[in-house]
Amino acid sequence: MAEHTDINLTEDTREHAPVLWREYQRILFRIAFIFFISISIPNSVEWYKHVVAIDWTNLHYRDLYDIARFGSGLNIFGNKLFGSTLAGYANWIITLIAATVGGLIWTFIDNRRKNPVQNYNLLYYWLRAIVRYRAGIGIIGFGFTKLLPVQMPYPSTGLLNTDFGDFTAQKIYWLSIGIVPWYQIFAGVVEVTAGTLLFFRRTTLIGSVLLFGALGDIVYVNFAYDGGVHGYSSYFVLLSGFLLVHYIPQLYRLLILEQTTLPVYYYPTLSKPWQRITRVSLKTVTIVVFLPLFFYLQLINFWYDPYKQPSTKGVTALRGYYAVTEFRLNNHVIPYSPLDSVRWSEATFENWTTLTFKVNRRVPLDLSNGGGDPQRDINRTFEVAGVGGGRRVFHYFADTIDHVLYLQDKYKAVADRRNVTAGVGGDAGEAQGRVASGKRKKDGIYADDWISVAAWEHIGDENKKIDSRAASTRRDREFAKVKGFDERNRMVLKFDTEDGRRVILTGLDENQDSLYVVLDKVDRTYALSASTLSAGKY
Amino acid sequence: MSTTEILEAPVRKKVSSSADRDREQLDTSGSQLAPGAWKAHEKLLFRFFFIYFILQALPLDWKYYRDVLGNGFAFSLHDLFYAARYVPRIVADIPAFADWAILALVAAVGTAAWSAADRSRTEYNGLYYALRVIIRYRLAVGLLAYGFIKLFPMQMPYPSLSHLNTAYGALDSWKLFSISTGIVPGYQAFLGSVEIVAALLLLNRKTATIGTFIILPFTGNVLMSNLAYEGGEYVYALLLISFALFLLVFDINRILRLTSFEKITRPNLYKPAFTSPGWKYSRLALKSAFVFVFVFLYGYQSYAEHKEGGYQYSHSAGLKNTAGLYTVEEFKVNNTVVPYTTDNDVFRWKDVVFEKWATLSVRSNKQPLLVKTNTEEIIEDDAERNYEFVGSAGREYYSYSADTLAHTLTLTGKNVKGEDASLLFHYSRPDAQTIVLEGLNAEHDSLHIVLNRIDKKYLLKEAAKGGRQRGLKL
């Protein structure tokens, strides 16, 4: 690799950059400096509050992820241009306008000085360092949830039995990655590698190219599938594009003009020991926190509490796909027909605390991404988000002593806020537009005390039902938030089964009508290969 | 190999980059190698890779000519696609890694012979350039072949009505991969344009390395997708990657030296000499012919085929105004009504899809044959097209031929087990939404089936209409 002759350069090999920048270069730099600093630092108070509140002795992967995932850009002027958010990009344009104005003011001030600045080599170095670390940390946060494949879960039994046309495009895309966990890992490796390469000067070019290509593709995917994450993905394309700009003139000269090319670089001399020590410690801490520590936390999450799937094990006997052999509503037998608008046509019990069934009736739909960071099983909506076809999805609390299931609809008319710390969405179709339900009388199973104290003792504390290694302050805090029950459809069903092959459910459905259902397990074979990697412990 | 350069007279010219303006002039005197000489290991490696890649890239396998010219060559989409997809196949009819091992062995033997015969040779700059030209064009044609059938989205077409009415788990991963991309033709067109741009960059030696920067991640992703989704094109994908890697090797040392090690870097100094006018014109003619056939002609064929509905689905005309999803309102066997049932031993149709073309598919409690395929094929014979049912175990597919005078439908099962693969029905249409079928099954039981078309709303399409913002009830 070594060239046999080395050209005589200046003795100081820490810098090889023009001493005198041209006027337009200085102006462009000032604008770029203000712009990229604005979009590299968090702009929401929530983020700062969150970081200060992290309990470093009892971490959850999401604590680190939320450090890495934040919204930025100047939003003091609002987020809309001409009344529209321009698909989220209006913020960038506003920031750019503000940066241009700021840059021009800065130019004006500088030109009036006795000794105007000749170059910004030092500031340019720091700007690129900040952008490199912002992009690196951000993409690593994104990447780990794929490297330990939890971002796109393998389809549940209910989803495997839903027709292809009954999903939203976003759901189809997410499922298409969920079915191949090893490919998801590969995508995660690419993202984490790109981020890691950005931590080091020598590998910045290859890291930027990788990031630019991978995230450029993801931007397009998000527009095509209405994925909702196009803004945050474009952000990385912008950052990596900025890092690439530095190399383009050099590569053009070398490869296209085929002329001898001098590199351009500038590294500040950190001569004082405290400077060197600070730099090394900061870099080491960042790398240690965002690589091995993050990996460990994400691994625990994958093993015991995959963040999109409910983490509580379901009743062991109740697993699989069931045909609904008999169905009586208010003691009136309804014969099987997949077209009936009341009778269940099939049912599934998942590995976790979920019951689903299919009815040929129009229901309001949750069209969100089903992501975010909820800790409670009932708020983990990947089985219901983006899913149609008449499928109803109910979370259950199981009283295994008295054999009663306390069920709540996972669909909620008023959606939760997700990704609060990020300050930005990532979840399209959220708070607005849900079909609101009417006010319901709080009697019968809709009373506030529908689950008795004794039943609660049998059910247990959901927070403690995952492996203790996955416990975290974040999870404890969310469970400690005293919440009554949300406004959801409910059912209370007694279950009766010997080995899980035949299950008889008796009780009250969501309209408080009496229900009697006989389920017979069907050993279903799927053309789709089963996953060789399973998230969670059930 | 790439560190070897022909050093010209010391360069004393002023460098034009503004970044260099205030630096000293460069002094490039002296080199420790004799001008132009390659090192011994470089010559050896080159001989090996020259033979190996010539064997991989040039069409020398008789099977290729059998397949491409077997039915005559009409410059159709089909013919050009397979012409562009040359892979030496030695051990089997599909590409295999064992073939690579055999070619490597042959190359090793050839290298030994060549090294013995050519001892006095000091450099192979000319041959290296020629090898790179061959690989560049071979790689380009391979990418163009796949690029255009994505740019005009045909490789992964929009799912058929039957697919929309198939349970997710009843489709294998390769099929799911295909139809999941099929629903976003704009994205597929984007992927195709990336492939085409990368291929075009390969046609000029200066932009070829930039092309490989695009090709390596792109085809790397194709490789990983094939491995993950149980596709069968991973050998071919890896072959294209090996071509791209070899092209990158030429410039990689220079690029790393400049951007990673940040040292002054000399460019490639070998410029091929095409002095005679004969060479100049043949080069131009060959290059133009290549571009004409594989860019313009192939591109046009892709566009035309796409306009006609693509090559994956049949173009046969279905029965007029029957396309849609039908519930099976009544199902009589030997005049006894068979109601809907959860009993898997009782045979009853659940729903039927009539496609725009002459196919109908049936969902029942019978398991169809799972026919699998995992390579990209272009099937010209309409009756042989299998895209709609391969990888699907959720519905039984029948192609039908209709006699509109006698009102009969002759059904030929595509993935149907047993003797019911062939059925003859008499059909009647009391109104536009109803079809009544009467016929005999293989056991000579009479069937009387009443189908009722429903206006099913698919969440896939409804959500796309208004975006996911507004509340939707389906």
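How many residues of chain A are in contact with residues of chain B? The points below start there.

1. **The chain A and chain B contact.** 79 residues of chain A are in contact with 81 residues of chain B. Contact here puts the C-beta atoms of two residues, placed from the backbone, within 7 Å. On the chain A side, α9(A) gives the largest share, 7 residues. Elements of chain A that supply at least two residues each include α7 (169-178), α8 (181-197) and β3 (320-329). Helices (H or I, at least four residues) and strands (E, at least two) are DSSP runs, numbered from the N terminus. The chain A side divides into 49 nonpolar, 21 polar and 9 charged residues.

2. **What the model is.** This is a predicted model: local features need pLDDT of at least 70, side-chain atom pairs count only at pLDDT 80 or more, and totals for chains, interfaces and linings use all residues. Residues are numbered from 1 along each chain as its sequence is written, while chains are lettered from A and ligands numbered from 1 in the order in which they are written.

3. **Chain A overall.** The secondary structure of chain A comes to 14 helices and 11 strands. Its C-alpha trace spans about 95 × 50 × 45 Å along the principal axes. Of the 538 residues in chain A, 46% are buried. A residue is buried if 20 or more other C-beta atoms, placed from the backbone, lie within 10 Å of its own, exposed if 12 or fewer, and partly exposed in between. Take the contacts in chain A between residues at least 6 apart in sequence: 71% join residues at least 24 apart.

4. **Domains of chain A.** Chain A is assigned domain 1 (22-119), domain 2 (121-304) and domain 3 (320-522). Such bounds come from an automatic or database domain assignment. The C-alpha centres of domain 1 and domain 2 of chain A lie 19 Å apart. Their contact takes 15 residues from domain 1 of chain A and 20 residues from domain 2 of chain A. On the domain 1 side, α1(A) gives the most, with 5 residues. That side holds 10 nonpolar, 4 polar and 1 charged.

5. **Domains of chain B.** Chain B is assigned domain 1 (27-307) and domain 2 (324-463). Their centres, taken over C-alpha atoms, are separated by 44 Å. Even so, 21 residues of domain 1 of chain B are in contact with 21 residues of domain 2 of chain B. The domain 1 side divides into 9 nonpolar, 8 polar and 4 charged residues.

6. **Nonpolar cores.** A nonpolar core is a set of buried Ala, Val, Leu, Ile, Met, Phe, Trp, Tyr and Cys residues joined through C-beta atoms within 7 Å. The largest has 210 residues, and A:L211, B:L144 and B:V352 have the most contacts inside it. Helix α5 (residues 125-151) of chain B gives the most to this core, with 13 residues. Beyond its neighbours within four places in sequence, B:L144 is in contact with residues including B:A84, B:I196 and B:F294. Another core, of 5 residues, lies apart; among them are A:L251 and B:I255.

7. **A:W344.** Is A:W344 buried or exposed? A:W344 counts as buried because 25 C-beta neighbours lie inside 10 Å. A:W344 sits in the loop between β4 (332-333) and β5 (346-349) of chain A. Leaving aside neighbours within four places in sequence, its contacts include A:V324, A:F357 and A:V517.

Methods: Nonpolar A, V, L, I, M, F, W, Y, C, P; charged D, E, K, R; others polar.
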